[in-house]
Amino acid sequence: MFHPTNFRREELTEKEKRNIDILEALRRHGPLSRPDISKELGINVVTISSYIDDFIRNKLVLEKDLDISEGGRRPSLLDLNSQGGYIIGVGFNLVNMVGLLMDLKGHIITKTQIARPRPSLNEITGCILEIISEILKRSKEYAADIRGVGIGMAGLINKKTGSIRWPEKTGKYYTYASVDIPIAELVQKEFNLHALIENDATCACFGEYWLNLKGEFKNVIYLFSGVGCGIIINGDIYTGSHGYAGETSIYNYKEDGLFNCDEAKGCFLKRSEMDLGITEDFKAMLSREKRVSGDNIELKNIFTAAKSGDALAEAALGRAAKRLGIRAAHIVNLLNPEVVIIGGGLEEAGEDFLHQVNKAIKEWCFRETAEDLKVVYSQLRENAVAIGAASLVTQKVFAKLL
């Protein structure tokens, strides 16, 4: 069993790094010839051939039709063997838990989802085991070739032990309880599969970078609702010295009163609700307007109401967009990314919400950091965390860590 974490590129051997670089070249640009890969990576063709031969022996890469030659023997083309292995990915967004089976090219073979469980780690752990079991039931013909499971989780994940510092709300305050549920070990014991656990926002960011952005950007921020973000710097995941980077707030419940300001019921660096306070705001507006009770209102209902022109729903989303935009502006000034991706379920809010987030970022940033910045919705949408978690396992397969 490998450690329940992603790996740091600087900790890899030179061979493991080259394995991943060849995977990335084939995934982004394949099919390619050996000379093409040599030119792309700046490594001599003899060395590339040695790596490729190993991949072919392990059925990770296939030789395809011959390429057009400029003279001499025509070089064969190489491509990933999509059937060389399969990965299970599990992830959460604001509404759902998603489980999927993915091939080595990132194609989804089968998918299932359930409503997001209550924020109890015991309940979430049970749902993770349940959703993996369901994917395996639907994937019996692929079972022998499943290489591992990637799981995207909220909270602060200890990279050495796999324990999680899990946010729990008591009354109006949050605490972070250390929970020593060994989820990776439970998965391995239950299904006899290697398991990787990573922060949900980091998984989503990596999934978008690897499968959607096609190498167009090297510096990427993925905002997973208002709680955390995933970070790619110069093409590599950044998780900090101990793996905890990406938390977008500071919080001390003992001195919470010092942190209040007029806008948004709290300062922008203060910990926000996962849904940016949209549900709470909308319910308060309903109460003030003496409209129907908001007790059973869910976030997806507010998104639908706003798209239908409901003024209160639009107002709640407008306030949340400004909060998120100002929080994002702080990160943009700090890290100067090329693109900010809005996801985690917020992409269901519609184009007007994205426009307002973009507007707030531009208004609160330095002009220089925002000048060429792109602000977009997640294209992987509700699948982003699960796909990213599975893709991190795919990297391990190619790095020969699995």
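Accessible areas were computed by the Shrake-Rupley method with a 1.4 Å probe, and for residues only the protein chains shown count as cover. On this basis the protein chain exposes about 19,000 Å², of which carbon and sulfur atoms supply 48%. The structure is a predicted model, in which local features need pLDDT of at least 70 and side-chain atom pairs count only at pLDDT 80 or more, whereas totals for chains, interfaces and linings use all residues. Residues are numbered from 1 along each chain as its sequence is written, and side-chain values use heavy atoms, with hydrogens and water left out.

The protein chain contains twelve helices and 16 strands, taken as DSSP runs (helices H or I, at least four residues; strands E, at least two) numbered from the N terminus. Of its 402 residues, 54% count as buried (under 20% relative accessible area; exposed, over 50%; partly exposed in between; 1.4 Å probe, protein chains only).

The largest nonpolar core comprises 48 residues, a nonpolar core being a set of buried Ala, Val, Leu, Ile, Met, Phe, Trp, Tyr and Cys residues joined through side-chain atoms within 4.5 Å. Within this core, Ile-22, Leu-26, Ile-37, Val-220 and Phe-398 touch the most other members. Elements that each supply at least two of its residues include helix H1 (14-29), strand E5 (96-103) and helix H12 (384-399); H12 gives the most, with ten residues. Apart from this core lies another, of 39 residues, among them Leu-276, Leu-317, Val-340 and Ile-342.

Leaving aside neighbours within four places in sequence, Ile-37 is in contact (heavy atoms within 4.5 Å) with residues including Ile-22, Leu-26 and Leu-78.
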